[in-house]
Amino acid sequence: MNILIIGAGAIGTLLAYRLQQSGHIVTLLARGQRRESLRQHGLQLEAASTHKVIRQRLSAPILLIDRLDPAIPYDLILIVCGYHHLAGLLPSLAAFPESTPLLFMGNNVVGVSEMVQTLGRQRMLLGFPLFSAELRGDVCYFTAGAHATVILGEPDGTLSDRLRQMADLFQSAGFRVERTADIDAWLKSHAAQVVTLSGALYAAHANPLRLAATRDLLILTVRALQEALRVFQVLDIPFLPQPLAWALEWLPEPALVLILRILLHQPAFQSALVDLPHVRAEFLRLAKDLRSLAEASSLPTPSLDWLFDQIEPAVPPLPTGSHSLPLDWRGAFAWLAGLGAVVYLFAWFSRNLSQRIRLLQEMRSDRMIGYKNS
């Protein structure tokens, strides 16, 4: 396939390298200093396993363009640029032939209505690169050994033939593929989660360990995610993944805070957060659109609003270790009461079952004695 990738950052670099190595012709749209770096050095990647760098530099030449030309025939156009750049890009993409599939891979809160109006639904696909990569100077660092996953979906939720073709394309390039029947809800949910976490990280000096050590930020993050869940429920938008929605709705706050603190100490979770502090402009736009969703629900979202405010550059971080907010133990007491009820019912059932078994044994013994006497 002849593939054009729009977006020469870390994600675009890794996608370009893997797709090119799997036998496809890949062209990368790049401008400015990044274009000059790629022209001189080509694609440069280095694999990193958590904090230990694997000293093996991967490199390959790449075809480059600095402007879109609708006259060049492409079999697929991948759009992996920032969410805040999409509006200005849509008119240029509309000039390409309607037969050219356009796969948008990135955050999206407002949905596909604006893109459908400009481009038409028939040539659009949506997805998300669910893996970590970071551009440091000329080199793209990515996590080695992780299951790099690509999420794919049709705007209308169908599992079409072209969606299967896209899945085969990424699988042949070494990616794990997950197809979803509700890509719009998946993207909205993912945006709500990562923007909330990014606000907490900005308030913790962009350091996951500082975030883990600041109880107030952990509590605000948990409460903000619960507020986002309620907003989605009011607007009848599935909050995905479902296990996370279940945990936010039913687990007590102290348990959720403990789980988040444990996750923040995991190297894999830390590597997933590595890009968040470096895309402030995108998160500012996402936060604005998420605020609009919250306003449409008419629900109060104080924790969500506070964390969104932390994305602004002028807002100072919260002191590390701050713990002025009290934990809400009400859910924990309910869980303990429920656990006690389960234990009591199990003991009662076991005792009654034992009594019934003993009674049956006695009745059986009495019948046997009566049979022998007869």
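Contact means heavy atoms within 4.5 Å. The model is predicted: local features need pLDDT of at least 70, side-chain atom pairs count only at pLDDT 80 or more, and totals for chains, interfaces and linings use all residues. Residues are numbered from 1 along each chain as its sequence is written, and side-chain values use heavy atoms, with hydrogens and water left out.

**View 1. Helix α6 meets helix α13.** Helices are DSSP runs of H or I with at least four residues, and strands are runs of E with at least two; both are numbered from the N terminus. On the α6 side, the residues in contact are V195, T196, G199 and A200. On the α13 side, they are L304, L307 and F308. By class, this contact has five nonpolar, two polar and no charged residues. Here Ala, Val, Leu, Ile, Met, Phe, Trp, Tyr, Cys and Pro count as nonpolar; Asp, Glu, Lys and Arg count as charged; the others, Gly among them, count as polar.

**View 2. The axes of α6 and α13 cross at roughly 60°.** Helix α13 covers residues 302-309, and the two axes come within 7 Å. Axes are lines fitted to C-alpha atoms, for helices over the stretch in contact, and angles run from 0 to 180 degrees between N-to-C directions. α6 is therefore oblique to α13. Angles under 35 degrees count as roughly parallel, over 145 as roughly antiparallel, 65 to 115 as roughly perpendicular, and the rest as oblique.

**View 3. A200 is buried.** A200 lies in α6, residues 183-202. Its relative accessible area is 0%. Buried means under 20%, exposed over 50%, and partly exposed in between (1.4 Å probe, protein chains only). Leaving out residues up to four places away in sequence, A200 touches L211, L217, T221 and L307. L217 is 17 residues from A200 along the chain, with 6.2 Å between their C-alpha atoms.

**View 4. The largest nonpolar core has 74 residues.** A nonpolar core is a set of buried Ala, Val, Leu, Ile, Met, Phe, Trp, Tyr and Cys residues joined through side-chain atoms within 4.5 Å. Those with the most contacts inside this core are I6, I77, I79, L93, F104 and V195. α6 gives the most to this core, with twelve residues. A second, separate core has 41 residues, including L19 and A173.

**View 5. Helix α8 meets helix α12.** V231, F232 and V234 in α8 touch L293, A294 and S297 in α12. This contact has five nonpolar, one polar and no charged residues.
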